[in-house]
Amino acid sequence: MVGRVTTVAFQGVEAVPVDVQVMVAPGKMGMQIVGLPDKAVAESRERVQAALHASGLSMPPKRVTVNLAPADLPKEGSHFDLPIALGLMAALGAVPADALAGHCVLGELSLDGTIAPVAGVLPAAIAANAAGKGLICPAACGAEAAWADAEMAVLAPVSLIGLANHFRGTQVLSRPQPAIRAPATDLPDLADIKGQETARRALEVAAAGGHNLLMVGPPGSGKSMLAQRLPSILPSLAARELLDVSMIASVAGELAGGRLSDRRPFRAPHHSASMAAMVGGGLKARPGEVSLAHNGVLFLDEFPEFSPQVLDSLRQPLETGECAIARANHRVTYPARIQLVAAMNPCRCGLAGTPGHVCARGARCRADYQARISGPLMDRIDLHVEVPQVMPGDLIRKSAGESSAAVAERVAAARACQTARYGALGTGHIGVNAQCPTAMIEDVAQADRGATGLLADAADKMRFSARGYHRILKVARTIADLDGAAAVGRIHVAEAISYRIAGEATALAA
Amino acid sequence: MAERAPASRRRAERRGRTGEWRAAWALRVKGYAIIARRFKTRAGEIDLIARRGDLVAIVEVKARPTLAEAMDAITPAAARRIEAAADHWLARQPDHGRLSLRFDLVAILPARWPVHVPRVFTP
């Protein structure tokens with residue numbers, strides 16, 4: 001009398017198959033769970049017994065032993081309730097064991113026998129599909145699971161009784177439909193911003209090429225407003241990216257109602273964020289903000305107020321596009337291909353560089369404040385832009401700025417251009433210029449003679465780092481794409497250099 | 001005082017025996033066979049051992065004014081004693097491999113049919 005059910009345990013976004021074996025044998029009546037369960041799994045004993053009772057099944061007057069194999073893999077989370085209950089029902093003959101054989105099962109049980117939603121259904125569904133199995137998951141997560149494959153069998157019962165009835169054939173469950181969250185229509189619009197033409201242009205370039213952007217300006221100049229409008233000009237996620245983003249959101253338990261969204265993630269953590277919150281970690285090596293912002297935007301407002309360790313922990317993910325979290329019990333790699341957008345004041349009082357302002361602390365004020373951001377991190381930011389205070393004239397003027405829709409159109413055209421280019425080169429996941437490998441950028445840029453001359457001169461005089469040199473080329477490529485130009489010209493390189501040296505200038509002033 | 005104590009002990013003893021007798025009949029009516037009464041070991045004592053098929057009920061009998069008081073009367077320490085005694089009993093059974101044990105309570109309430117509470121505690 002052994003019931004066997006397949007479920008999964010999560011290691012990062014990977015779903016590792018776990019075999020739940022339930023044995024009903026003579027002995028002292030009771031239930032034991034073995035196989036390194038954590039507290040949430042061990043407590044499932046009480047939930048399973050209550051749910052079976054509520055479903056009209058009583059516990060057998062025998063000893064029930066549950067083994068979660070492989071026994072040396074720590075099991076955590078509440079999604080083991082349903083597989084344990086089904087394994088027990090199969091061992092008792094309440095459901096046919098062969099019906100369960102072709103399914104991977106996960107779900108949490110309530111005391112009344114209903115099945116509560118759990119995190120990680122999408123990765124589990126994809127793993128089950130790869131293993132050629134169907135999936136049984138909570139009703140609230142059905143829409144999420146249905147995304148894995150159109151052909152795959154997905155059962156999303158509301159309760160244990162509903163599932164038993166399905167297997168008995170009295171009330172057959174239908175396959176849930178993949179759901180997508182309605183596109184957000186209430187995103188803030190760029191038209192709200194008056195003036196700031198330079199910053200708007202930099203934002204457009206950043207959006208078009210996926211480049212990192214730093215905005216420096218006094219308080220109230222509109223840096224945060226600009227950043228919040230970035231999602232409205234970014235193109236929606238492609239199918240492959242959508243799944244990647246949703247897998248991480250699913251593991252983090254952030255998919256509301258099992259609906260996937262094709263909007264790019266926009267994460268804006270507060271500057272008190274810890275390193276584990278930023279890059280991932282904690283007891284279960286959960287994804288951090290960089291991973292949750294995968295294929296989207298990580299916006300860090302009040303950039304220097306973040307702790308220096310936290311900021312420097314971003315250096316590796318920014319370069320490699322993934323974070324490898326190593327702990328004693330976990331070695332997990334989460335994808336983290338992000339676009340970093342940061343905003344900061346030029347100094348502590350916030351007004352350095354404003355005409356007519358004299359700081360009581362002198363130049364030190366500015367130098368100390370900007371020194372909080374390390375050089376290597378600054379080097380990874382392609383676009384530096386000063387956001388000056390808005391002139392009263394601009395505020396009074398009636399005419400609204402260009403709307404997000406118009407900018408989004410240009411950005412989409414530039415992105416289409418890049419997708420076609422990298423698609424033709426067959427570079428896999430690369431979709432934007434910012435992710436172009438260094439070895440390839442020289443070929444891709446196709447800089448004409450004027451452009452190379454200017455870049456060589458500037459690199460010589462300004463002493464750009466090797467990374468800086470290549471990053472200028474990438475930005476220039478994006479600007480040319482926005483222009484619709486096949487080759488990078490002198491004017492494109494000039495603009496790219498101006499974004500770079502805005503940063504060098506702040507660094508020099510410091 | 002010294003003369004009254006044995007009298008009250010005797011009365012309690014008699015009340016206990018009557019309760020166990022009533023509990024045994026209540027279980028027989030439910031289809032159980034009573035296979036041992038007042039089973040004594042070094043570890044503790046079991047009031048009744050009842051069997052139906054391969055299921056063995058280790059029964060504690062409690063006479064109390066209400067059901068709640070009867071259930072409360074089985075303290076964790078008492079539960080441990082009963083469990084240890086059950087292990088002793090089980091070890092002496094030739095067919096122990098096929099037996100399943102359950103720990104029950106029969107509450108003897110005033111002017112009522114004995115109340116059988118299966119699985120009053122789990123090991």
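This is a predicted model: local features need pLDDT of at least 70, side-chain atom pairs count only at pLDDT 80 or more; totals for chains, interfaces and linings use all residues.
## Strand S10 of chain A

Which strands pair with S10(A)? Four bridges join S10(A) to strand S17 (residues 339-344) of chain A, and these two strands run parallel; within S17(A), Met344(A) is the bridge partner of Val216(A). S10(A) also pairs in the parallel sense, over four bridges, with strand S18 (residues 383-386) of chain A, where Leu383(A) is the bridge partner of Leu213(A).

## Two packed helices in chain A

Two packed helices are described by the angle between their axes and the distance between the axes. For helix H20 (residues 438-445) of chain A and helix H22 (residues 466-483) of chain A, the angle is about 40° and the axes are 10 Å apart, which makes H20(A) oblique to H22(A). The crossing of H20(A) and H22(A) is left-handed.

Which residues meet where H20(A) and H22(A) come together? From H20(A) there are Thr438(A), Ile441(A), Val444(A) and Ala445(A), and these meet His470(A), Leu473(A), Lys474(A), Ala476(A) and Arg477(A) of H22(A). Sorted by class, the contact of H20(A) with H22(A) has five nonpolar residues, two polar residues and two charged residues.

## The sheet of chain B

Chain B holds an open sheet of five strands, in the order S1-S2-S3-S4-S5, and the pairing is mixed. Strand S1 (33-40) and strand S5 (115-117) of chain B stand at the edges, and each has a single partner strand, so one side of each is left without a neighbour in the sheet. From one strand to the next, the twist averages 30°.

Within this sheet, strand S3 (residues 55-63) of chain B and S4(B) pair in the parallel sense over nine bridges, and Ile58(B) stands opposite Phe103(B) in S4(B). Helix H3 (residues 76-91) of chain B packs on the sheet, where it touches S1, strand S2 (45-52), S3 and S4 of chain B, and the direction of H3(B) makes about 55° with that of S2(B).

## Where the chains meet

How many residues does each chain bring to the contact? Chain B brings eleven residues and chain A brings eight residues. On the side of chain B that touches chain A, the largest share, three residues, comes from strand S4 (residues 100-108) of chain B. By class, that side of chain B has four nonpolar, three polar and four charged residues.

Note on methods
Residues are numbered from 1 along each chain as its sequence is written. Chains are lettered from A and ligands numbered from 1 in the order in which they are written. Two residues are in contact if their C-beta atoms, placed from the backbone, lie within 7 Å. Ala, Val, Leu, Ile, Met, Phe, Trp, Tyr, Cys and Pro count as nonpolar, Asp, Glu, Lys and Arg as charged, and the others, Gly among them, as polar. Axes are lines fitted to C-alpha atoms, for helices over the stretch in contact, and angles run from 0 to 180 degrees between N-to-C directions. Angles under 35 degrees count as roughly parallel, over 145 as roughly antiparallel, 65 to 115 as roughly perpendicular and the rest as oblique. A crossing is left-handed if the near helix is turned anticlockwise from the far one by less than a right angle, and right-handed if clockwise. Two strands pair if DSSP finds at least two bridges between them.
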